[in-house]
Amino acid sequence: MAVTSVAAGNLLATGSQQDILAANTTAGVFVVIVDTNPMVAGDIMELRIFNKVNNNTERLAYYAVYAHVQAQPIKFSVPVPSFGTATDTIRVSLVQTAGTFRTFPYRVVTVG
C-alpha cells in the first residue's frame, strides 16, 4: 500500500477562524495527521475535513475536538475518499478555539 504526502507543514493557529491545511482536487483516500504535542491545559483545537460530492454543496465529513494536554499527541483522521474532480473536492482545516495559539505540525496523505 502506497502512502503519498499531499500537504505538510507547521501551522500557527490564528484564532477562532478556520486555518486551511489543504485543499485538494486529486483522487485519493485522504488521512490527516496532526501533532497535538504543543497543547497545554486550557487549549482546545478542532480538526475538520470537508468534502464535496458530485458538484454538490461542500459538507462537513469529519470533525474532532481535542482539549488540554494530550497523552497520545499524534492524531489521525478517519480515511476520507475523494474522486478527484473539480466537483468532488476535499478541504482540511484546523481551528484553535481556546488557549494560547500554538504551532501544529501536520501532514495530509493519500493511502492506497
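1. Burial and surface. In this predicted model, 40% of the 112 residues of the protein count as buried. The protein exposes about 5,800 Å², and carbon and sulfur atoms supply 56% of that area.

2. Overall dimensions. The radius of gyration is 14 Å; a compact globule with 112 residues would come out near 13 Å, so the two values agree. Taken along the principal axes, the C-alpha atoms fill a box of roughly 40 × 30 × 20 Å.

3. Secondary structure and contact order. There are 0 helices and 9 strands, which gives the pattern β-β-β-β-β-β-β-β-β along the sequence. Among contacts with a separation of 6 or more, 78% come from residues 24 or more positions apart.

4. Nonpolar core. The largest nonpolar core holds 22 residues, and the members with the most contacts inside it are Leu 21, Val 32, Val 34, Met 45, Leu 47, Leu 94 and Val 108. At least two core residues come from each of strand 1 (3-12), strand 2 (19-24), strand 3 (28-35), strand 4 (44-51), strand 5, strand 8 (90-98) and strand 9 (103-111).

5. Val 65 is in strand 5 (residues 59-67). With a relative accessibility of 43%, Val 65 is classed as partly exposed, since that class lies between 20% and 50%.

6. Ser 82. This residue is part of strand 7 (residues 80-82). Ser 82 has 4% relative accessibility and therefore counts as buried. Its contacts, not counting residues up to four places away in sequence, are Thr 26, Ala 27, Gly 28, Phe 30, Asp 88, Thr 89 and Ile 90.

7. Salt bridges. The structure holds 3 salt bridges. In one of them, Arg 102 pairs with Asp 43, with 2.7 Å between the closest N and O atoms. Arg 102 sits in the loop between strand 8 and strand 9, and Asp 43 in the loop between strand 3 and strand 4, so this pair ties together parts that are 59 residues apart in sequence. Both partners are buried: Arg 102 has a relative accessible area of 19%, against a cut-off of under 20%, and Asp 43 has 1%.

8. Further pairs. Glu 58 and Arg 91 form a salt bridge at 2.6 Å, N to O. Because Glu 58 lies in the loop between strand 4 and strand 5 and Arg 91 in strand 8, the pair ties together parts that are 33 residues apart in sequence. Glu 58 is partly exposed at 31%, and Arg 91 is partly exposed at 21%. Arg 48 and Glu 46 also meet through their side chains in a salt bridge, at 2.4 Å, N to O; both residues are buried.

9. Backbone point to check. His 68 has a positive phi, near 70 degrees, and is not a glycine. Most residues other than glycine have a negative phi. His 68 is found in the loop between strand 5 and strand 6 (74-76) and, with a relative accessible area of 41%, is partly exposed.

Definitions and conventions:
Residues numbered from 1 in each chain as written. Predicted model: local features only at pLDDT ≥ 70, side-chain atom pairs only at ≥ 80, totals over all residues. Heavy atoms only, no water. Helix = DSSP H or I, 4+ residues; strand = E, 2+ residues; numbered from the N terminus. Buried < 20%, exposed > 50% of the residue type's maximum accessible area, 1.4 Å probe, protein only. Core = buried A, V, L, I, M, F, W, Y, C linked by side-chain atoms within 4.5 Å. Contact = heavy atoms within 4.5 Å. Rg over C-alpha atoms; globule rule 2.2 N^0.38 Å. Areas by Shrake-Rupley, 256 points an atom, 1.4 Å probe, with all protein chains shown as cover. Salt bridge = Lys/Arg side-chain N within 4 Å of Asp/Glu carboxyl O.
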